Amino acid sequence: MNRTMSTKEGMATADEEITDIIVQRVPYWDPPAVKPLETSELVEWSLYRALIGEFTASLILVYVSIATVIGYKFQSSGADERCTGVGYLGVAWSFGATVSVLVYSTSGVSGGHINPAVSFALFVAGKVSLVRAVLYVAAQCLGAICGVGVVKGIMKHPYDSFGGGANSVTEGYSLGAALGAETFGTFVLVYTVFSATDPKRTARDAFVPLVAALPIGLAVFVVHLATIPITGTGINPARSLGAAVLYNQHKTWKQHWIFWVGPFTGAALAAFYHKIVLRDIAVVKEALRGSFKRTSSTA
């Protein structure tokens, strides 16, 4: 009898310890906001290593994705081969899976931005300095141009014949519709980036093996599914610029502004939404409470 009771007590103690481990929350803190005009990092090797990482990742992303786009169009160009190739679903997977792999691979070096809109959003949120954001954008754009150059060198005839992977507004859609699609698509992506990398979420769900690269890649995938029929999906100004530079057609340049204004607008909206609504809600409540008090005292 005593042996049975001691065994049960031991099991209860073990269960309590397991429960304590499960419900334990890891403390977290938000890093202080970066000074917008901070320039001290210009003398640090880590910045230039990060720039090399962003350049390389952008080159790989654009090479893989644009090659997939051109290859799909080339394979399905025949009248009897409409079902040949990866299709829109495969193109979307190409972008999303490649982004997921590259974010996972470069996050420890540069943060894994691989997108000027993401770098801009993190600058707006006070997470990177203006100097780092500008240099990241330059590295990303240069990497994208080189990536498209590799595609054109390997697939020259299909590249010239099938649009060069350049973004443009599909016939039947207005410029406003295309701008809205790019804005909202980038909002979804950047919203996911902030949510997946939020230190509060990481601490709260420390017992869950959350990999930020996976939801970010899935966000790119689903946005491509929704937006490919409208604009070919930009949501990454570097990707759009690289294709435009190498393809170099009047229509592409005429509509190119959409693929900068839309992503940057969506990125800024996502940054403000995350910071003001999701994270600083207490500040908003305090401001509202103060406005109510002023209103009641005036009445």
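Which residues in α5 meet which residues in α10? I took this up first, working from a predicted model.

**Entry: α5 and α10**

I looked up the two helices by range. Helix α5 covers residues 130-154, and helix α10 covers residues 237-247. On the α5 side I listed Q140, C141, A144, I145, V148, G149 and K152. On the α10 side I listed A238, R239, L241, G242, A243, V245 and L246. I then sorted the residues of this contact by type. Nine are nonpolar, three are polar and two are charged.

Next I checked the geometry. The axes of α5 and α10 come within 8 Å and cross at roughly 45 degrees. I noted α5 as oblique to α10 because of that angle. I also looked up the hand of the crossing. α5 passes α10 in a right-handed crossing.

**Entry: α4 and α5**

I turned to helix α4, residues 116-124. How far apart are the axes of α4 and α5, and at what angle do they pack? I found the axes 9 Å apart and the angle at about 175 degrees.

From α4 they are P116, S119 and F123. From α5 they are L130, A133, Y136, V137, Q140 and C141.

I then went back over Q140 and C141. Both meet residues in α10, and both are also in the list for the contact with α4.

**Entry: cysteines**

Is C141 buried or exposed? I read 9% relative accessibility for C141, so I marked it as buried; the cut-off for buried is under 20%. C146 has 32% relative accessibility, so I marked C146 as partly exposed. I also looked for disulfides, taken as cysteine sulfur pairs within 2.5 Å. The count came to zero.

**Entry: the whole chain**

Reading from the N terminus, I wrote the order of elements as α-α-α-α-α-α-α-α-α-α-α-α-α.

The chain has 299 residues, and buried residues make up 41% of them. I also looked at sequence separation in the contacts. Among contacts between residues at least 6 apart in sequence, 79% join residues at least 24 apart.

Methods:
Residues are numbered from 1 along each chain as its sequence is written. This is a predicted model: local features need pLDDT of at least 70, side-chain atom pairs count only at pLDDT 80 or more; totals for chains, interfaces and linings use all residues. Side-chain values use heavy atoms; hydrogens and water are left out. Axes are lines fitted to C-alpha atoms, for helices over the stretch in contact, and angles run from 0 to 180 degrees between N-to-C directions. Helices (H or I, at least four residues) and strands (E, at least two) are DSSP runs, numbered from the N terminus. Angles under 35 degrees count as roughly parallel, over 145 as roughly antiparallel, 65 to 115 as roughly perpendicular and the rest as oblique. A crossing is left-handed if the near helix is turned anticlockwise from the far one by less than a right angle, and right-handed if clockwise. Contact means heavy atoms within 4.5 Å. Ala, Val, Leu, Ile, Met, Phe, Trp, Tyr, Cys and Pro count as nonpolar, Asp, Glu, Lys and Arg as charged, and the others, Gly among them, as polar. Buried means under 20% relative accessible area, exposed over 50%, partly exposed in between (1.4 Å probe, protein chains only).
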